[in-house]
Amino acid sequence: MQVEMVPGAIILFILFLLIFWAFQFQQARGRLPPGPRPWLFLGNLLQKDVLPLYKTYPKLSKKYGPVFTIWMGTKPMVVICGHEAVKSALVTHSEEFGGRPLVPIVDQVTKSNGLISEKKWKIIRRFTLTTLRNLGMGQKSMAERISKEAHCLVKKMTTFEGHPFDIVPPVTSTVCDVFCSVIFGNQLPYEGKTFSELSEISDTFSGFFASHLGMVYSALPNILKFFPGPHKKVFSDCNKVCDFIRNNVDAHKKTLDPDNPRDFIDCFLLKLEKEEDSSVLSIEDLVMSVFVLFIAGTDSTRLFISYGLNLLARFPNVQAKAQEEIDDVVGANRSPSIEDRMKLPYINAFVHEILRSPQASNENFPRMTTQDMNFRGHFIPQGTAVLPLRVSVHFDPLCWEDPETFDPSHFLDEKGKFQKKDAYIPFSAGKRACPGDALARMELFLFFSTLLQKFTFYLDRDTKDTNVKSLFMVFQNKNQYLLI
């Protein structure tokens, strides 16, 4: 008799747990800002009217207001939309929104070491910013290094002699060379196997991170890590990149000169020697910081240069106006320099517009509240994931005239002079802003001005599709080719 009752008791106990969890879930919903109704366990993950947010936020914010809650599985995430609300969160309340929740995809590789470490990020970020500046970021010496690489790219493109070619490999090679000169103190072989492998792994990791599958993994890491799938290979390949970095660190140790640090790795090793007794930082913090910088610094810059060249080919009027400006200001007898940036307002505006125009959201990389707070009429508990949605700022109709249209004049005044826009945060804002933004801006300006001085770009197929919304996503599939 007792044996027969045990299965029934287990079922009743499971039902009790489910009912109790559902009750707790509804209570948690009631404490947070309103939002679309989630499914049990899955939240809003599989609801196409909720995710991805870059498509759905206009309807959701219209229904629930600029602050609403979505559920990534069983975890809530408060979404903040529109320039006014996002600026208030990132700048005015930068301390309260200055935390970072565990990012499972990144943590699976870094093991909470390096720039992503919530315990150490302030120390490492401060060191990274100072070191990059000391190594020339934002300075003339770095600009000269980038210009040299831009001319290498010109030379490489010239070899195609006007035939169609995939722009991604040569652009990626050049961007990687700039990064490696700062971090490793040398350049990887332009056509080398190691370089090709690292670039492919970086590209695959970034694609997985931004994908819907990556979003699902971030919401359910403790379940999906036991199942086969593309995430297994992604993480395995990332370990190869980390091993490559460790080997470079070991090589740097053998040739380290305390009086003449050559690069970021040397500077980090010297910092570790000075702080050896405190044991605050470790070699793994160095390795994982370089890993994060490599992924963020090479893939995003490569993507925006390639995307921008496609935009020039799709908008010949924009390309012609940019080239006319270069002819008038720089001419053909000298190369564009960083000092020309304010003299070339249209190209400067074009660079800003290619960073503004992509419609993509960043659900996998939210902030986190560091304390209980009331924000725009809503209570948000400490430790809640919060997503200030950048795309909602860059397409805010209150700040931009016709934001859906790709137009460099968004950054020009009535006289054609460059003007900054407050509703512009491609590298985020506040204490968690991207530490490499100055380097990225410099790279983009010098690459585009140098290439436009030498070439005119065309798509190898006729197209009347100038829908910038879809172009950024389509281009990530690498199926666009250019003819010089």
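Trainee: In this predicted model, how many bridges join strand β3 to β6, and which residue of β6 is the bridge partner of R367?

Mentor: Strand β3, made of residues 367-368, runs antiparallel to β6, and two bridges join the pair. R367 belongs to this pairing, and its bridge partner in β6 is V386.

Trainee: Which strand runs parallel to β6, and which residue of β6 is the bridge partner of I80?

Mentor: Strand β6 covers residues 385-388, and four bridges join it in parallel to β2. Within this pairing V79 stands opposite L387.

Trainee: Are the residues on the two faces of β6 buried or exposed?

Mentor: In a regular strand the side chains alternate between the two faces of the sheet. In β6, A385 and L387 lie on one side while V386 and P388 lie on the other. Both faces are covered, and these four residues are all buried.

Trainee: Where does K111 lie, is it buried or exposed, and what is its phi?

Mentor: K111 lies in the loop between α4 (104-110) and α5 (121-134). Its relative accessible area is 52%, and because the cut-off for exposed is over 50%, K111 counts as exposed. Most residues other than glycine have a negative phi. K111, however, has a positive phi, near 55°.

Trainee: Is S428 buried or exposed, and what is its phi?

Mentor: S428 lies in the loop between α16 (390-394) and α17 (437-454). At 18% relative accessibility S428 counts as buried, since the cut-off for buried is under 20%. S428 is a residue other than glycine with a positive phi, and the value is near 65°.

Trainee: Which two residues does a cis peptide bond join, and what is omega there?

Mentor: The place to look is the loop between α1 (2-31) and α2, where P52 lies. Most peptide bonds are trans. The cis peptide bond joins L51 and P52, with omega at about 0°.

Trainee: Why is helix α12 described as largely enclosed, and which helices do its buried residues pack against?

Mentor: Helix α12 spans residues 264-274, and nine of its eleven residues are buried, so the rest of the structure largely encloses it. The buried residues include F264, D266, F268 and K271. At the start of the helix, a side-chain oxygen of D263 reaches to within 3.2 Å of the backbone nitrogen of I265. The helices that the buried residues pack against are α5, α7 (168-183), α11 (230-255) and α13.

Trainee: Which backbone oxygen does the side chain of T298 reach, and at what distance?

Mentor: T298 has its place in helix α13, residues 283-314, and at 5% relative accessibility it counts as buried. Setting aside residues up to four places away in sequence, T298 touches V175, C176, F179, S202 and L293. The side chain of T298 reaches the backbone oxygen of F294, at 2.5 Å.

Trainee: Which backbone oxygens lie by the side chain of R356, and at what distances?

Mentor: R356 is found in helix α15, residues 345-356, and with a relative accessible area of 0% it is buried. Leaving aside neighbours within four places in sequence, R356 is in contact with residues including F395, W400, H410 and Y424. A polar atom of its side chain lies 2.7 Å from the backbone oxygen of H394, and its side chain also reaches, at 3.0 Å, the backbone oxygen of P403.

Trainee: How much space lies in the second largest pocket, and which helix supplies the largest share of its lining?

Mentor: The second largest pocket holds about 500 Å³ of space, and of the 22 residues that line it, Y57, S392, F395, D396 and P397 are the closest to its centre. The lining divides into eleven nonpolar, five polar and six charged residues. Both α2 (53-64) and α3 (83-92) supply at least two residues of the lining, and the largest share, five residues, comes from α2.

Notes:
Residues are numbered from 1 along each chain as its sequence is written. This is a predicted model: local features need pLDDT of at least 70, side-chain atom pairs count only at pLDDT 80 or more; totals for chains, interfaces and linings use all residues. Side-chain values use heavy atoms; hydrogens and water are left out. Buried means under 20% relative accessible area, exposed over 50%, partly exposed in between (1.4 Å probe, protein chains only). A polar contact is a pair of N or O atoms within 3.5 Å; within protein, one must be able to donate a hydrogen and the other to accept it, and residues adjacent in sequence count only if both atoms are side-chain atoms. Contact means heavy atoms within 4.5 Å. Two strands pair if DSSP finds at least two bridges between them. On a 1 Å grid over the protein atoms alone, a cavity is a set of points where a 1.4 Å probe fits but cannot get out, and a pocket is an open set with protein on both sides within 12 Å along at least five of seven lines; lining residues have an atom within 4 Å of a point. Grid points are joined across faces, edges and corners, and a volume is the space filled by probe spheres set on the points. Ala, Val, Leu, Ile, Met, Phe, Trp, Tyr, Cys and Pro count as nonpolar, Asp, Glu, Lys and Arg as charged, and the others, Gly among them, as polar.
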